[in-house]
Amino acid sequence: MSEPKAIRVVIADDHTMLREGLRRSLAGQGLDVVADASDGSEAVVLVEKHRPDAVLMDVTMPVLDGIDAAKRIRSSSPNTKVIMLTMHSDPSLAKRAQEAGASAYLVKDCTTRDIITAIERANAGLTTFPEIESSSALGPDGKPLITQREAEVLQLIADGRSTAEAAQELYVSVKTVKNHLGSAYAKLDAHDRTQAVLKAARLGIIRLGRK
């Protein structure tokens, strides 16, 4: 049985020392860093050349910023996931990054494990946006009706995953997934997963028929 292929990554940041540190950290955890870029324009070129699984990219860079670069990368290499890594803990920037097609938005005080988890989640079709909620449906208090993690669980169920498969993809226990489902059912006033999925889809929280 062959070993699974390492996730291939391009790093884009205008700080040389940070790029070198990220390269060592990711490579030390088994990821394959195929190239690194010092600005957004170079990142676009390198992604087109190497077609990596993911690009880890700063927001503020010369020539072309990370958000505009993300738009171009998602257009030219749609299978490459974009993970934004920035100094700016700004919900409006996180929202722009999400709208540009990024799969994650991390602040640079996060750990290497946080970065790797975000990359792995992106490759599993999941998003990581700690600064914003993925749900557009609001409750009476003006807050999102369900949490981001509850929405992720419902999305996986809608995609046809079993409870065990959802747990594996989210790197949590089956019990945790069941707890999230139970909480989502209560908040959506749903009696079972089918009803919860349909209500969440109608509210725009999740999407049906996602590939």
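User: Which residue in S4 stands opposite Ala54?

Analyst: In this predicted model, Lys81 in S4 stands opposite Ala54. S3 and S4 run parallel and are joined by four bridges.

User: What makes strand S4 mostly covered?

Analyst: Strand S4 covers residues 81-86, and five of its six residues are buried. A residue is called buried when its relative accessible area is under 20%.

User: Which strands form the sheet, and in what order?

Analyst: The order is S2-S1-S3-S4-S5, in an open sheet of five strands with parallel pairing. Strands S2 (32-37) and S5 (104-107) are at the edges because each has a single partner strand, which leaves one side of each without a neighbour in the sheet. On average, neighbouring strands of this sheet are turned by 20° against each other, direction ignored.

User: How many bridges join S1 and S3?

Analyst: Strand S1 (residues 8-12) pairs with strand S3 (residues 54-57) over four bridges, in the parallel sense. Ala12 stands opposite Met57 in S3. Helix H2 (residues 40-50) packs on the sheet and touches S1, S2 and S3, its direction making about 145° with that of S2.

User: Why is Lys49 called exposed?

Analyst: Lys49, which lies in helix H2, has a relative accessible area of 63%. Exposed means over 50%, so Lys49 is exposed. Its C-alpha atom is separated by 9.8 Å from that of Ala35, 14 residues apart along the chain.

User: What is said of the phi of Arg51?

Analyst: Arg51 has a positive phi of about 50° although it is not a glycine. Most residues other than glycine have a negative phi. Arg51 lies in the loop between H2 and S3.

User: Why does Arg51 count as partly exposed?

Analyst: The relative accessibility of Arg51 is 44%. Buried would need a value under 20% and exposed a value over 50%, so Arg51 falls in between and counts as partly exposed.

User: Where is Asp189, and what is its phi?

Analyst: Asp189 is found in the loop between helix H8 (174-188) and H9. Its phi is near 55°, a positive value in a residue other than glycine. At 54% relative accessibility, Asp189 counts as exposed, because the cut-off is over 50%.

User: Why is H1 called roughly perpendicular to H5?

Analyst: Helix H1 (residues 16-28) and helix H5 (residues 112-123) pack at an angle of about 70°, with their axes 10 Å apart. Angles from 65 to 115 degrees count as roughly perpendicular, so H1 is roughly perpendicular to H5. The crossing of H1 and H5 is right-handed.

User: Which residues meet between H1 and H5?

Analyst: From H1 come Leu22, Ser25 and Leu26, which meet Thr112, Ile115 and Ile116 in H5. By class, this contact of H1 with H5 has four nonpolar, two polar and no charged residues.

User: What makes H6 roughly perpendicular to H9?

Analyst: Helix H6 (residues 148-158) packs against helix H9 (residues 193-202) at an angle of about 110°, and their axes are 10 Å apart. The range for roughly perpendicular is 65 to 115 degrees, so H6 and H9 are placed in that class.

User: Which residues of H6 meet H9, and what are the classes in this contact?

Analyst: Leu154, Ile157 and Ala158 in H6 meet Arg193, Ala196, Val197 and Ala200 in H9. The contact of H6 with H9 has six nonpolar, no polar and one charged residues. Arg counts as charged.

User: Is Glu169 buried or exposed, and how do you know?

Analyst: Glu169 has a relative accessible area of 18%. Buried means under 20%, so Glu169 is buried. Glu169 lies in helix H7 (residues 163-170).

User: Which residues is Glu169 in contact with, leaving aside its neighbours within four places in sequence?

Analyst: With those neighbours left aside, Glu169 is in contact with Ala124, Leu126, Leu156 and Arg161. The C-alpha atoms of Glu169 and Ala124 are separated by 6.7 Å, although the two residues are 45 residues apart along the chain.

User: Why is Ser75 called exposed?

Analyst: Ser75 is in helix H3 (residues 66-76) and has a relative accessible area of 62%. That value is over 50%, so Ser75 is exposed. The C-alpha atoms of Ser75 and Ala100, 25 residues apart along the chain, are separated by 9.8 Å.

Key
Residues numbered from 1 in each chain as written. Predicted model: local features only at pLDDT ≥ 70, side-chain atom pairs only at ≥ 80, totals over all residues. Heavy atoms only, no water. Pairing = 2+ DSSP bridges. Helix = DSSP H or I, 4+ residues; strand = E, 2+ residues; numbered from the N terminus. Axes fitted to C-alpha atoms, helices over the stretch in contact; angles between N-to-C directions. Contact = heavy atoms within 4.5 Å. Parallel < 35°, antiparallel > 145°, perpendicular 65-115°, else oblique. Left-handed = near helix turned anticlockwise from the far one by under 90°. Buried < 20%, exposed > 50% of the residue type's maximum accessible area, 1.4 Å probe, protein only.
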